[in-house]
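My notes follow in the order I looked things up.

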Amino acid sequence: MFRFLLTKLAMIIPTFIGVTIASFAFIRLLPGDPILLMAGERGVTPERREELEAIMGFDRPLWEQYLGFLGDLLQGDLGVSIVTKQPVLEEFLGRFPATVELSVIAIIFAVAIGLPAGVIAAVRRGSIFDHTVMGCSLTGYSMPIFWWGLLLIILFSGILEWTPVSGRISFLYFFEPVTGFMLIDSLLSGQSGAFKSAVSHLILPAVVLGTIPLAVIARQTRSSMLEVLSEDYVRTARAKGLPPIRVVGVHALRNALITVVTVIGLQVGVLLAGAILTETIFAWPGIGKWMIDSISRRDYPSVQGGLLMIASIVMIVNLLVDLTYGLINPAIRHEG
Amino acid sequence: MKARLVAAAAIALFATTAQAKTLIFCSEGSPEGFTPSLYTAGTTFDASSRQIYNRLAEFEIGTTKIIPGLAESWDVSSDGLVYTFNLRKGVKFHSTKNFTPSRDFNADDVLFSFERQFSKSHPYHMVSGGAYEYFNGMSMPDLIKKIEKVDDFTVRFTLNRPEAPMIANLAMDFASIHSAEYAEKMATAGTMDDFDQNPVGTGPFKLVAYQKDAFIRYQAHPEYFRGKAAIDDLVFAITPDASVRYQKLKAGECHVMPYPNPADIEAMRTDPKVNLLSQEGLNVGYLAYNAKMAPFDNPKVRKALNMAINKEAIIDAVFQGAGKVAKNPIPPTIWSYNEATKDDGYDPAASRAALDAEGVKGLKMKIWAMPVQRPYNPNARRMAELIQADFAKVGVEAEIVSYEWGEYLKRSKATDRDGAVLLGWTGDNGDPDNFLAVLLGCDGVGGSNRAQWCHKPFEDLIQKAKVVSDPAERTRLYEQAQIEFKKQAPWATIAHSVVFKPIRKEVTGFKIDPFGGHSFYGVDLK
């Protein structure tokens with residue numbers, strides 16, 4: 001297992017270096033530059049432009065800027081935003097818990113509904129339930145997030161008045177963040193009703209963000225289960241007279257889970273992409289909205305730092321998924 | 001039983017907070033920081049200068065009229081070079097969790113606020129990056145010779161040249177006054193970087209808490225020199241999407257919202273919970289010809305093309321009614337707007353005849369369409385298409401081009417630019433000079449004067465208006481300048497936008513700011 005872990009870790013290093021180059025180059029390859037955007041219609045004189053370039057460090061050759069970025073990175077410094085003048089790491093970490101909270105609840109929602117729905121659809125293949133689940137998941141997968149979010153807001157917040165429109169908690173409650181996770185902070189605050197308010201604010205964005213992963217998980221679970229259910233060992237298990245729940249739950253599902261876990265791991269990237277739109281609609285103060293703003297302002301340090309952090313997180317999650325395979329199927333860790 | 005207890009506690013909590021009047025503003029984005037000289041986006045000014053700070057002179061809320069602020073009065077020397085400000089006494093700075101002021105506002109605070117931007121050797125100059133773009137953009141470093149403290153309550157500005165809009169410049173957000181005592185305290189504690197994030201001002205509200213991309217909380221400043229605000233607490237609920245802002249307004253989760261979707265305006269008009277306020281914006285959208293390139297160097301050709309453009313159709317299609325046809329290069333909300341000028345009316349037949357008379361046949365040209373949405377032009381591509389179709393009717397073949405926004409701004413400045421550029425301007429200080437000199441003055445050729453138009457009679461008028469301090473004389477000069485502009489037609493003036501501001505019915509005293517900002521002093525809840 002230790003060797004397996006070491007091999008996986010060794011593969012991460014070149015990927016990480018590649019990511020530093022990609023994140024540094026990406027924003028600089030886009031047309032437009034931050035000084036012109038900052039100046040807007042007013043414009044900036046060539047002398048002032050030179051001064052600003054020197055202040056922001058853009059007067060140095062690109063390779064020197066990259067090495068500077070890499071050097072700072074090794075010391076845990078992602079640089080300073082040229083818009084807010086605040087450390088990028090601080091800006092990122094200040095918003096990251098909100099995205100994690102939303103993504104975790106969204107994936108829990110997606111797994112909690114998608115997995116059983118997929119299993120039942122596979123077991124009752126061809127039934128009305130199967131057709132309904134597959135039809136709904138296809139619709140869910142094709143749903144534009146922006147439209148879906150607004151539709152839910154208009155229905156549940158506007159017409160039915162069941163949930164708040166947006167934000168993380170009602171403005172009746174106010175406390176200093178401790179962990180950055182509103183569900184935990186609202187409990188820690190001891191303010192009556194704060195936790196309930198935080199939960200009610202989380203429902204719609206989590207449903208919207210979780211819709212596509214839910215659809216993917218349900219479809220993937222169904223097809224893996226169908227494959228496994230036709231295997232000889234499942235037939236043998238059935239022939240032994242094992243109860244159907246045991247056959248499906250232990251023999252079939254455990255093997256079908258390998259592909260499902262892979263899909264859940266891949267959904268981390270989907271969640272982060274979906275978070276950009278979901279956070280914008282629901283005024284959720286996470287990293288998605290921050291990245292979009294940073295890109296449109298050509299805030300080089302924020303974009304390169306943010307991309308690097310996001311890519312690192314996706315790499316870590318994928319590593320954890322690889323390790324989980326090992327737990328589900330010991331044959332994989334031996335091969336590794 | 002437990003549920004009842006929770007409900008009772010919630011009601012009790014609400015009852016205590018209900019006694020305090022809280023106004024919620026669904027703002028469109030996060031401020032970049034809280035120092036208006038450094039962070040100059042409109043969203044930032046809403047969160048900083050308009051609530052937290054005051055300036056020596058200020059704009060009366062809802063107008064472009066200049067009123068005394070932290071200066072009770074001022075004198076201007078007869079040569080227009082020396083401005084002496086008499087400061088207000090007894091003005092209190094905010095007490096915050098970081099700072100308790102030991103003295104009232106005085107001349108040291110004025111000196112600190114300007115010298116930080118002005119002097120490169122000032123200890124705070126480079127704190128938070130040192131980019132004072134408005135101070136530089138308004139040419140303050142060239143304009144100001146020195147700033148002196150005469151006594152604790154008198155400050156003297158000496159200029160290098162007369163500048164009639166100087167007081168209007170000092171009423172702009174970048175000229176907000178900070179506490180020198182607070183700055184010193186932060187410097188002593190080695191926490192200068194926090195100065196721009198934890199603001200202390202003299203304004204009607206003090207900052208209590210800010211969570212990025214989530215909310216900003218303010219409390220009324222109890223010792224505000226104009227009297228405490230009618231509301232006790234002010235909350236900015238940061239809500240980037242316009243449709244969601246409207247849903248929040250409808251649900252009572254906010255009281256005032258900026259920048260509604262044009263598509264929602266009709267629904268807002270008939271919404272029983274909403275008052276829809278509107279006012280013409282302090283802006284102008286235009287199509288600038290290149291007056292240095294033939295045949296656009298001929299005013300008759302420019303006027304002929306202007307007659308080909310159906311501006312009413314543009315107002316309907318591009319602004320969806322939220323705009324007004326522009327005839328002058330300054331908006332009607334600015335003093336000296338000349339009502340008497342006559343626009344080049346839509347007349348394709350006359351346009352074609354005028355082009356023929358000038359020998360212009362089979363003209364091919366480019367129309368530059370901005371890639372972004374701006375208040376003065378919500379959809380430049382659509383506008384360009386309409387103009388293209390209008391030009392086709394008079395035998396002019398137009399090709400639409402566009403570039404990334406930064407590139408667009410850069411390339412459109414070139415004096416040998418091929419084609420006419422769609423662009424616009426939003427006023428900074430309500431002074432006609434801020435439009436006419438910046439956008440049409442000879443100094444701006446190759447820069448902000450996209451028409452590359454330098455016309456001596458016009459230039460003489462605006463240069464004279466810069467140095468005359470008598471408002472009536474300045475008005476006359478600018479009115480004359482607008483007549484010259486219409487004769488020469490370096491631009492097709494297209495539109496001034498109309499700003500809509502939906503507020504809940506229970507909100508009273510809210511006024512639309514012609515500069516596009518949002519001030520909550522004087523606002524109350526029924």
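I started with helix 4 (residues 107–118) of chain B, which lies across strand 5, strand 6 and strand 7 of chain B and runs at about 160° to strand 6 of chain B. For the record, helices (H or I, at least four residues) and strands (E, at least two) are DSSP runs, numbered from the N terminus. Angles run from 0 to 180 degrees between N-to-C directions, and axes are lines fitted to C-alpha atoms, for helices over the stretch in contact. Contact between two residues requires their C-beta atoms, placed from the backbone, to lie within 7 Å.

**Ground rules.** I am reading a predicted model, where local features need pLDDT of at least 70 and side-chain atom pairs count only at pLDDT 80 or more, while totals for chains, interfaces and linings use all residues. Residues are numbered from 1 along each chain as its sequence is written, and chains are lettered from A and ligands numbered from 1 in the order in which they are written.

**The antiparallel sheet.** I then traced the sheet with the order 4-5-7-6 in chain B: an open sheet of four strands with antiparallel pairing. Strand 4 and strand 6 (144–151) of chain B are its edge strands, each pairing on one side only. The twist averages 20° from one strand to the next. Two strands pair here if DSSP finds at least two bridges between them.

I went through the pairs. Strand 4 (residues 71–76) and strand 5 (residues 82–87) of chain B run antiparallel and are joined by five bridges, with B:A71 opposite B:L87. Their hairpin has five residues between the strands, and B:G80 takes a positive phi near 75° there. Strand 5 of chain B also pairs with strand 7 (residues 154–159) of chain B, antiparallel over five bridges, and B:N86 stands opposite B:T154.

**The mixed sheet.** Next I checked the order 1-10-9-8 in chain B, an open sheet of four strands with mixed pairing. Strand 1 (22–25) and strand 8 (205–211) of chain B are at the edges with a single partner strand each, so one side of each has no neighbour in the sheet. Neighbouring strands are turned by 20° against each other on average, direction ignored. Strand 1 and strand 10 of chain B run parallel, joined by four bridges, and I found B:F25 opposite B:F236.

**Where the chains meet.** The contact takes 39 residues from chain A and 46 residues from chain B. On the chain B side, the elements giving two or more residues include helix 1 (2–19), strand 10 (233–237) and helix 9 (242–251). I sorted that side by type: 19 nonpolar, 14 polar and 13 charged. Ala, Val, Leu, Ile, Met, Phe, Trp, Tyr, Cys and Pro count as nonpolar, Asp, Glu, Lys and Arg as charged, and the others, Gly among them, as polar.

**Helix 9 of chain B.** Is helix 9 of chain B largely enclosed or open? Seven of its 10 residues are buried, so the rest of the structure largely encloses helix 9. A residue is buried if 20 or more other C-beta atoms lie within 10 Å of its own, exposed if 12 or fewer, and partly exposed in between, with C-beta atoms placed from the backbone. Among the buried ones I noted B:V244, B:Y246 and B:L249. The cover includes helix 7 (145–159) and helix 11 (244–281) of chain A, together with strand 11 (274–280) and strand 17 (491–504) of chain B. After helix 9 of chain B comes B:G252, with a positive phi near 80°.

**Chain A.** I counted 14 helices and zero strands in chain A. Its C-alpha atoms fill a box of roughly 85 × 55 × 40 Å along the principal axes. Of its 336 residues, 38% count as buried.

I looked at one helix pair there. The axes of helix 11 and helix 13 (residues 300–328) of chain A come within 10 Å and cross at roughly 175°. That makes helix 11 of chain A roughly antiparallel to helix 13 of chain A (the cut-offs: under 35 degrees roughly parallel, over 145 roughly antiparallel, 65 to 115 roughly perpendicular, the rest oblique). The residues of this contact divide into 11 nonpolar, five polar and one charged.

**B:S351.** Last, I checked B:S351, in helix 13 (residues 348–357) of chain B. B:S351 counts as buried, with 24 C-beta neighbours inside 10 Å. Leaving aside neighbours within four places in sequence, B:S351 is in contact with B:A304, B:L305, B:M307, B:A308 and B:V394.
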